[in-house]
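Try each task before you read its solution.

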Amino acid sequence: MKISIYPGSFDPITLGHIDIIDRASKLSDELIVAVLQNIDKKSWFSVDERIDMIKHSISNLSNNIKVMSFDGLLVDFAKKQNANIIVRGLRAVTDYEYEIQLAHTNRELNDNIDTIFLTTNLKYSYLSSSVVKEVATFNGDIHKFVNTYVENKIKEKVASIKGFKII
Ligand code: ADP
């Protein structure tokens, strides 16, 4: 059985991520979307909120997709899940340097696990979670970047952040 892992922060999940999940799920028997419980990276959404948004976003995709969270080393999590493929998305040359470093490091740590790269769907090549958050902060229209459920969650978050600041 071919099990792949697609790791990331998904803070929040965008249409670019969903496109990669859809395509990667067709290449494996099982795909695990793994949400990083990052301690130092400041996230807008908790791990549970991110998982909830991912689950809503993939409900109409293939049923061989699982959503989990992990901390610690990705290769250790992959081994525990019997996965030997890591999936990453490549948007532009700027992604390449970091991604190649990560892939080589993971391969050094465990050479049974390989990284495969899926090139972005051109229409989402500019898209990142940070861009979505930046646009949303200034009340810009984000409906072309995320699905409706996620859009509403982001709006609620922006309102709560702004409300919190006023108080
Ligand atoms: P980001 O905060 O940059 O969106 P994530 O950690 O959530 O980053 O990303 C997880 C993976 O998804 C990374 O491999 C990243 O390159 C990829 N990814 C993010 N956005 C896109 C996109 N629009 N198209 C293709 N891949 C993407």
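**Exercise 1.** Find how far a polar side-chain atom of E99 lies from an oxygen atom of the ligand.

*Solution.* The distance is 3.5 Å, from a polar side-chain atom of E99 to an oxygen atom of the ligand. A polar contact is a pair of N or O atoms within 3.5 Å. Next, take the backbone. A backbone N or O atom of S9 is 3.0 Å from a ligand oxygen atom. A polar backbone atom of Y124 lies 2.9 Å from a nitrogen atom of the ligand.

Before going on, note the ground rules. This is a predicted model: local features need pLDDT of at least 70, side-chain atom pairs count only at pLDDT 80 or more, and totals for chains, interfaces and linings use all residues. Residues are numbered from 1 along each chain as its sequence is written, and side-chain values use heavy atoms, with hydrogens and water left out.

**Exercise 2.** Locate F10 and decide: buried or exposed?

*Solution.* Start with the place. F10 is in the loop between β1 and α1 (strands are DSSP runs of E, at least two residues; helices are runs of H or I, at least four; both are numbered from the N terminus). Then check the backbone. F10 is not a glycine, yet its phi is positive, about 50°. Now the accessibility. F10 has 2% relative accessibility, so F10 counts as buried (under 20% relative accessible area; exposed is over 50%, partly exposed in between; 1.4 Å probe, protein chains only).

Key
Polar contact = N/O pair within 3.5 Å; in protein donor to acceptor, adjacent residues only side chain to side chain.
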